[in-house]
Amino acid sequence: MNESNIKENQMNMNRRMFFKSMGAATVAAAPISSALANVVSPKKWDQTCEVLVIGAGAAGLFAAVSAKESGAKSVVLLEKAASPFLNSTSLSAGSVNATGTKAQFAAGVEDRSNAAEFAKEVEKTGKGLADPQLVKLFAENSAMALDWLTDHGVVFTPQPNSAFRLKRMHGCDKHTGAQYVDVLFQNAKKIGVDIKLNTKVVELITNTEANEVLGVKAESKGKPLYVRATKGVVIATGGFCGDVNMIDKFILDFRGALTFASANSEGQGLKMAEKIGAASTHMNFAAVYGYGVPMSKDKNNRKGWIFRGHVMNLYGPITVGPDGKRFVNDDLGATSISQAMSRLGFKKVFQVATEAQLLDFMKNDPIQVIGWDQNTFKKELEEQKVFVVKADTIAELAKKMGLPADQLEATVKRYNQFVKNGKDEDFGRKYMKGTFEKGPFYGFIGQPIAGISLGGLKVNKDLQVLDVYDQPIKHLYAAGEAIGGIHGGSYIGGNSVGSSLTLGMVAGKKAAASK
Ligand SMILES: Cc1cc2nc3c(=O)[nH]c(=O)nc-3n(C[C@H](O)[C@H](O)[C@H](O)COP(=O)(O)OP(=O)(O)OC[C@H]3O[C@@H](n4cnc5c(N)ncnc54)[C@H](O)[C@@H]3O)c2cc1C
């Protein structure tokens with residue numbers, strides 16, 4: 001026996017011991033014979049298909065459609081919610097990043113053959129921690145995914161994003177990710193994907209000897225449903241930031257943060273797969289924004305909204321910490337603000353705006369708080385019940401926000417001088433629009449809010465889920481926010497829906513082609 005045989009033997013032995021100790025998914029009254037001692041199938045499957053997809057978000061719907069379009073004879077999609085519009089994809093603004101799309105070409109953005117550059121840009125923002133194989137897969141297939149949507153009626157407009165040299169972010173004509181869900185869902189039904197809503201997958205069923213997934217156990221209307229998948233199961237159950245316990249367990253820098261994720265993002269696919277020996281990766285990373293607003297005064301309710309304070313600052317307002325001092329370049333994005341907060345141990349941040357700056361922001365941008373219309377925001381400006389305060393002087397504003405008045409006055413005085421001199425000597429910000437000399441002034445109180453997990457299941461370049469020994473688990477695939485490693489340590493807005501659509505499409509093809 002040579003060295004590699006010995007290693008492989010050892011690995012198989014470890015795997016068997018691992019599954020034994022984990023007590024992998026078993027079904028009551030499973031047939032026990034000496035030859036099939038570790039086969040854990042039910043006595044009878046309720047349904048058999050070739051490809052089974054779990055979750056009807058961007059990744060799952062695209063996986064189901066592409067599996068069917070790639071020749072899978074039967075595709076079943078199980079979704080636990082009553083509607084496909086209750087997930088993070090549908091809540092999202094629908095910004096998607098891609099390179100070499102028809103939409104870019106039509107808009108005169110010459111971006112063909114630039115997948116390698118796009119991949120480099122993604123890896124750079126990810127602080128060199130992204131999995132290069134996954135980023136490459138995303139970059140090389142992103143145009144195909146977006147072009148499919150274009151061919152099915154979505155109108156994309158390329159937009160700038162500071163992470164990219166060219167306009168690689170794409171907005172869609174309905175300004176919401178629900179548009180992709182709608183188009184994919186209608187199409188999936190049309191081509192014969194068997195979609196079952198209100199059907200929650202609770203276990204992956206394996207043949208543990210072969211390290212192979214055979215199908216799933218789901219629950220529908222209080223009854224179990226066993227579905228066999230002969231070619232593959234695709235996990236597309238989304239991220240885990242909808243479960244605040246998981247935020248506290250994994251996102252150590254932001255324990256206690258609010259969440260803006262869909263309540264359906266509970267990391268269930270991850271937990272089910274870990275139970276059968278799957279590995280996870282990048283679990284300590286999530287997209288956390290600095291300007292979160294709690295939905296409730298009840299501290300146990302950690303649901304929140306995102307105030308687009310980082311966009312407001314581009315109209316001139318400043319951001320200070322609990323000591324009343326500026327601590328960061330106010331022009332930075334919301335995730336950079338939260339990273340600075342974490343570094344300095346700030347639980348809250350405070351923004352100060354003049355009325356002119358605020359009106360400028362509202363005139364030029366229709367959305368102040370994601371999930372609110374502008375009238376709701378105007379009402380909050382009048383009533384100041386949730387996160388806004390208003391005062392005629394800086395000292396009074398400081399008092400209302402709980403900040404040291406002397407310090408805030410000193411901060412503003414120093415900053416006003418920078419504006420007059422045209423140079424921010426402390427942080428070098430660019431957007432210095434107006435001094436803080438004449439009230440009324442508005443204050444905004446923000447706190448960290450998490451919503452997109454960057455960690456999840458570990459997959460290889462074929463999107464096969466890997467076990468804890470880095471071996472693919474046969475017939476188990478994953479895509480979307482359920483996987484880890486595509487973003488590395490930091491996230492570019494547009495890369496999550498973008499990679500969920502793209503890798504969902506690829507995972508469906510891979511599963512359909514599997515033997
Ligand atoms: C408010 C908000 C705004 C965002 N804006 C953007 C943006 O503009 N651009 C961007 O790139 N990203 C954005 N994101 C992130 C992005 O929306 C998600 O990361 C991405 O859409 C995830 O897609 P997905 O298909 O993996 O998961 P999801 O869309 O979350 O879908 C997962 C589905 O799986 C189902 N499911 C879960 N568990 C089970 C189970 N056990 N059985 C059956 N079904 C199950 C869920 O109900 C859900 O329908 C935003 C997120 C939020 C919350």
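Is Phe436 buried or exposed in this predicted model? Phe436 counts as buried, at 3% relative accessibility. For the cut-offs, buried means under 20% relative accessible area, exposed means over 50%, and partly exposed is in between, with a 1.4 Å probe and protein chains only.

Quick housekeeping before I go on. Residues are numbered from 1 along each chain as its sequence is written, and side-chain values use heavy atoms, with hydrogens and water left out. Since this is a predicted model, local features need pLDDT of at least 70 and side-chain atom pairs count only at pLDDT 80 or more, while totals for chains, interfaces and linings use all residues.

Okay, back to Phe436. You'll find Phe436 in the loop between H15 and S17. Helices (H or I, at least four residues) and strands (E, at least two) are DSSP runs, numbered from the N terminus. Contact here means heavy atoms within 4.5 Å. Not counting residues up to four places away in sequence, Phe436 touches a list that includes Gly316, Pro317, Ile318, Val352, Tyr415 and Phe441. Take Val352 from that list: Val352 and Phe436 are 84 residues apart along the chain, and their C-alpha atoms are separated by 8.7 Å.

Pro440 sits in the loop between helix H15 (405-421) and strand S17 (441-453). The peptide bond joining Gly439 and Pro440 is cis, with omega about 5°. As background, most peptide bonds are trans, and most residues other than glycine have a negative phi.

On to the backbone angles, then. Asn198 is in the loop between strand S6 (194-196) and strand S7 (199-207), and Asn198 is partly exposed, at a relative accessible area of 43%.

His475 shows up again from another direction. Ser514, in the segment after H16, touches Lys231, His475 and Tyr477, leaving out residues up to four places away in sequence. Ser514 counts as buried too, at 9% relative accessibility.

A residue is near a molecule or strand if one of its heavy atoms lies within 4 Å of it. There are 38 residues around the ligand, and Glu79, Thr89, Glu481, Ser496 and Val497 come nearest. For polar contacts, we need a pair of N or O atoms within 3.5 Å; within protein, one must be able to donate a hydrogen and the other to accept it, and residues adjacent in sequence count only if both atoms are side-chain atoms. A polar backbone atom of Ala59 is 3.0 Å from an oxygen atom of the ligand. A backbone N or O atom of Val201 lies 3.0 Å from a ligand nitrogen atom. Then there's Ser496, with a polar side-chain atom 2.6 Å from an oxygen atom of the ligand.

How much of the ligand does the protein bury? Taken alone the ligand exposes 1,000 Å², and the protein buries 96% of that. Those accessible areas come from the Shrake-Rupley method with a 1.4 Å probe; for residues, only the protein chains shown count as cover.

The elements that give two or more residues to the shell are helix H2 (58-69), helix H3 (88-91), S7, helix H9 (268-275) and helix H16 (495-513). H16 gives the most, with four residues. By type, the shell divides into 15 nonpolar, 19 polar and four charged residues.

His170 is buried, with a relative accessible area of 0%. The His170 side chain reaches the backbone oxygen of Arg168 at 3.0 Å. Leaving aside neighbours within four places in sequence, His170 is in contact with residues including Gly94, Val96, Leu146, Phe156 and Pro158.

And the cysteines? Cys172 is buried at a relative accessible area of 3%, and Cys241 counts as buried at 0%. With a disulfide taken as a pair of cysteine sulfur atoms within 2.5 Å, the count comes to zero disulfides.

Notes. Nonpolar A, V, L, I, M, F, W, Y, C, P; charged D, E, K, R; others polar.
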